[in-house]
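I'm opening my notebook on a new structure today. I'll jot down what I look up as I go.

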Amino acid sequence: MISVGIVGGTGYTGVELLRLLLRHPQVTVRVLTSRTEAGKRVSEMFPSLRGHTDLEFSDLNEDLLKQCDVVFFATPHGVAMKHAKVLVESGVKVIDLAADFRLQNLEQFEKWYGLQHECPDVLKSSVYGLPELNREKIKTAQVVGNPGCYPTTVQLGLAPLLQADVALIKPSSIIVDAKSGVSGAGRKASLGMIYTENADNFKAYGVAGHRHHPEIVEALENISGQTGVFDQLLFVPHLVPMIRGMLSTIYVDLTDEGANSDLQSLYEVYYAHERFVDVMPANSSPETRSVRGSNELRIALYKPQPNKLIILSVQDNLVKGAAGQAVQNMNLMFNFDEATGLDGIGLLP
Ligand SMILES: NC(=O)c1ccc[n+]([C@@H]2O[C@H](COP(=O)([O-])OP(=O)(O)OC[C@H]3O[C@@H](n4cnc5c(N)ncnc54)[C@H](OP(=O)(O)O)[C@@H]3O)[C@@H](O)[C@H]2O)c1
């Protein structure tokens with residue numbers, strides 16, 4: 001059994017972590033923090049957890065966190081990097097669901113997040129936590145930066161193409177048209193997130209620039225081993241009036257080699273042994289509700305023109321896009337079976 005701390009227990013990814021970890025056979029959740037609700041029983045705030053835990057929220061106390069084997073930060077960016085060094089020095093593993101340990105390029109981090117990184121040395125030794133692509137490094141990591149939700153759909157959607165022996169796509173042609181449910185913005189109150197602003201409405205946001213753009217570019221460079229070729233990538237996120245779920249539609253131009261390849265088989269073989277990536281039959285339509293509450297990501301391919309490919313990639317933003325992926329990382333870091341606690345099936349209808 002390992003003991004776990006969650007910083008940011010009142011937020012959507014925090015409570016999703018708790019939902020998953022309370023069913024995990026090798027974990028005891030010891031600490032769950034909140035700056036505003038210390039002393040309150042978790043089940044008073046989240047009635048779904050009544051009868052499943054007696055935990056109370058507590059203040060963020062580093063001495064308590066140091067007694068854990070692993071601490072998840074389900075907090076806004078800038079929080080984990082304040083505590084990571086002390087925790088690492090005490091032998092505690094850290095998994096950050098925010099962006100403090102995602103971008104290795106400090107200049108990009110400071111530009112997009114408006115903060116100076118507080119522990120660049122820890123960042124340097126941290127590992128980007130996308131298990132399907134980085135499994136071996138995650139196993140020995142002390143600090144893991146859990147990927148952003150949109151970047152997860154894009155990387156898993158493109159990886160088989162980018163890691164092929166021959167150039168199958170034209171990297172400068174990639175367009176990502178992505179949609180997220182409203183829980184992607186977290187639980188904190190803000191005018192743009194209230195019911196009347198979102199129900200019966202559909203809009204793009206961050207069109208001029210979104211923080212996940214540099215993360216996607218850096219990650220695709222790492223996956224492909226090519227630098228400077230993804231800068232033209234277009235990424236437009238949208239907000240849709242649903243609670244959970246994310247769909248990325250990715251458009252790419254194929255090279256002659258790509259146009260003549262059996263891409264469906266390429267994807268099926270590439271993900272054949274991945275428990276959380278499902279390649280659907282060609283011309284399927286993956287739906288967000290098919291992954292609601294589960295750690296799965298579903299992919300389908302379309303080839304509408306001989307040299308064009310459309311990749312559809314869906315996930316639950318709070319599970320494979322955040323808390324589920326973080327638990328998958330924890331399982332790897334502690335040498336548990338990777339799927340432990342993550343075998344829930346999507347909730348449909
Ligand atoms: N929502 C998603 O789909 C999603 C997906 C991928 C990644 N993420 C990332 O995961 C992180 C958490 O997202 P979320 O959606 O769960 O956010 P959220 O619902 O707004 O929750 C944020 C949590 O952090 C705590 N918190 C806020 N400021 C803090 C501070 N300065 N120090 C300590 N605790 C603080 C809040 O608790 P108190 O106010 O009670 O202290 C709350 O529990 C974010 O970085 C987000 O970008 C979210």
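This is a predicted model: local features need pLDDT of at least 70, side-chain atom pairs count only at pLDDT 80 or more; totals for chains, interfaces and linings use all residues.

**Entry 1**

I then checked the pair formed by strand 1 and strand 2: six bridges, in the parallel sense. Within that pair, I found Gly5 opposite Val31 of strand 2.

Is helix 1 mostly covered or mostly open? I got covered, with eight of its ten residues buried. The buried ones are Thr13, Gly14, Val15, Glu16, Leu17, Leu18, Leu20 and Leu21. They pack against strand 1, strand 2, helix 2, strand 3 and helix 13.

**Entry 2: the cores**

Which residues have the most contacts inside the largest nonpolar core? My list reads Val4, Ile6, Leu17, Leu21, Phe72, Ile95 and Met330, in a core of 38 residues. The elements giving two or more residues to this core are strand 1 (2-7), helix 1 (12-21), strand 2 (27-33), helix 2 (42-45), strand 3 (70-73) and helix 13 (319-333). Helix 13 gives the most, with seven residues.

Leaving out residues up to four places away in sequence, Leu21 touches Val4, Ile6, Val27, Val29, Phe72, Val327 and Met330.

There is also a second, separate core, with 37 residues. Tyr128, Ala219, Tyr267 and Ile311 are among them.

I moved on to an open sheet of seven strands, in the order 8-9-7-10-13-12-11, where the pairing is mixed. Why is one side of strand 8 and of strand 11 left without a neighbour? Strand 8 (203-204) and strand 11 (277-279) are at the edges and have a single partner strand each, so one side of each has no neighbour in the sheet.

Then I went through some of the pairs:

- Strand 11 and strand 12 (residues 297-305) run parallel, joined by three bridges. Asp278 is opposite Arg298 in strand 12.
- Strand 7 and strand 9 run parallel too, with six bridges between them. Ser180 has Leu239 of strand 9 as its bridge partner.
- Strand 8 and strand 9 run antiparallel, joined by two bridges. Lys203 sits opposite Leu239 in strand 9.

**Entry 3: helix 10**

Helix 10 covers residues 212-224, which makes 13 residues. From first C-alpha to last it reaches 18 Å, close to the 18 Å expected at 1.5 Å a residue.

How many of the residues of helix 10 are buried? I noted twelve of the 13, so this helix is largely enclosed by the rest of the structure. Just after the helix comes Gly225, which takes a positive phi of about 75 degrees.

**Entry 4: cysteines**

I searched the whole structure for disulfides and got zero. For reference, a disulfide needs the sulfur atoms within 2.5 Å.

I looked up burial as well. Cys119 is buried, at 1% relative accessible area. Cys149 also counts as buried, at 14%.

**Entry 5: Glu257**

Where is Glu257 found? I placed it in helix 11 (residues 256-259). Glu257 is partly exposed, with a relative accessible area of 46%. Setting aside neighbours within four places in sequence, I found Glu257 in contact with Val166, Ala167 and Leu168. I also checked Asn307, 50 residues away from Glu257 along the chain: their C-alpha atoms are separated by 9.5 Å.

Notes:
Residues are numbered from 1 along each chain as its sequence is written. Side-chain values use heavy atoms; hydrogens and water are left out. Two strands pair if DSSP finds at least two bridges between them. Helices (H or I, at least four residues) and strands (E, at least two) are DSSP runs, numbered from the N terminus. The expected span of a helix is 1.5 Å times one less than its number of residues. Buried means under 20% relative accessible area, exposed over 50%, partly exposed in between (1.4 Å probe, protein chains only). A nonpolar core is a set of buried Ala, Val, Leu, Ile, Met, Phe, Trp, Tyr and Cys residues joined through side-chain atoms within 4.5 Å. Contact means heavy atoms within 4.5 Å.
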